[in-house]
Amino acid sequence: MRQLPKFVLAGLVVAGPALFWLSRRQTPAQAEQQGVPGSPVVLASPGRVEGHGETISVGAATDGVIEAVLVTDGQEVTEGTALAVIACDDLKAEIDQAKAEAESAQQTRIRLVRGHRTEERKAAAQKTAAAKAVLNQTQEHLKRMDTLYQKDVIPRDLFEQAKRDYEVAQAIYQSSRADQALVESKLLPEEKARADADVAAAEENVRVATEKLQKCTIQAPISGTVLRIMAKVGESYSTLSPRPLFSLADDSVRRVRAEVDEWDIGKVQLGQQVVVSADGFPGRRFDGRVIELAHLMGRKSVLSGDPAEKADRDILEVIIELDQSAKELPIGLRVTVQYF
């Protein structure tokens, strides 16, 4: 038997694997078209089911120990629903103190704006009148002592004592008049401004403390369904190393986030009709249409596990809205999308 030339054998060795790879490399569309003879499918791509938007991971905004978990898996919640509570007893005492300080600042401001009470004004006037009477009395006494001293009737020390009594009475009278003027005076602009600033600062302390306490309750950021609960009572949570405690999604509708190979993106357009199928629902087809095309290419994330699958190509994300009949599809399910 004649032996083939060496270069022919070498060519067969190189071409054999290449032909094998090309025979295995079928676009998803070709594979699907073979499964559905005569269908007008232009291509097919993998995807995953999601709700109205992507699944949201919810954490906490403060540090502490998880005190209670208030929801269960699969529970439907509305926006603002409490999901869990973090123990924050120290903040409650802080709020009480801040409220007390705010009340004190407010009362001080009211007193300044209103001025002194009528009783205080009367008391100040009476005090001034009494001091005036004492001053007049000591003044008359000093005059008599001065006359007697000039006639050498009394010694000098008695005259000096009367003089000192008069000076003390005069000082008391001046002080009483100053107190009365202060009681009857109007509020100065700078005093009002300072009182307003004290009240504002105290109220801000209350607001900050209240917001801290509100962060101790983890609330649902959207209306939807609790898909998974990772929070456990007694566990500590730190904002320095945050982690998701809940997964939520708006499952009022079903969408598919599909990944179209970079070679096929020209075959997809908005409004295009599609059919979605899944291995978990054999023989079932779910209708939908393309409602959004990404503006940026990305990397493949939906993998089938086939070793021959190419995972190093760029893809374009395509959002597909399904009919209401697809609500039974679980979120996260891997599906195949056929484009017509």
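With which residue does Arg257 form a salt bridge whose closest N and O atoms are 3.7 Å apart? In this predicted model, the partner is Glu54. Arg257 belongs to strand β10, whereas Glu54 sits in the loop between β1 and β2 (56–58), so this contact ties together parts of the chain that are 203 residues apart in sequence. Glu54 itself is exposed, with a relative accessibility of 52%.

Arg257 also forms a salt bridge with Glu50, and here the closest N and O atoms are 2.9 Å apart. Because Arg257 lies in strand β10 (residues 255–261) and Glu50 in strand β1 (residues 43–50), the pair joins parts that are 207 residues apart in sequence. Glu50 is buried, its relative accessible area being 8%. The two glutamate partners of Arg257 therefore fall into separate classes of accessibility: under 20% counts as buried and over 50% as exposed, with Glu50 at 8% and Glu54 at 52%.

These contacts form part of a network of salt bridges that links Glu50, Glu54, Arg257 and Glu317. Across the whole structure, a search finds 15 salt bridges.

Another of the pairings lies within a helix. Glu204 and Arg207 meet through their side chains in a salt bridge, with an N to O distance of 2.4 Å. Both residues belong to helix α6 (residues 189–214), and because they are three residues apart, about one helical turn separates them. Glu204 is partly exposed at 36% relative accessibility, and Arg207 is likewise partly exposed, at 37%.

Note on methods:
Residues are numbered from 1 along each chain as its sequence is written. This is a predicted model: local features need pLDDT of at least 70, side-chain atom pairs count only at pLDDT 80 or more; totals for chains, interfaces and linings use all residues. Side-chain values use heavy atoms; hydrogens and water are left out. A salt bridge is a side-chain nitrogen of Lys or Arg within 4 Å of a carboxyl oxygen of Asp or Glu. Helices (H or I, at least four residues) and strands (E, at least two) are DSSP runs, numbered from the N terminus. Buried means under 20% relative accessible area, exposed over 50%, partly exposed in between (1.4 Å probe, protein chains only).
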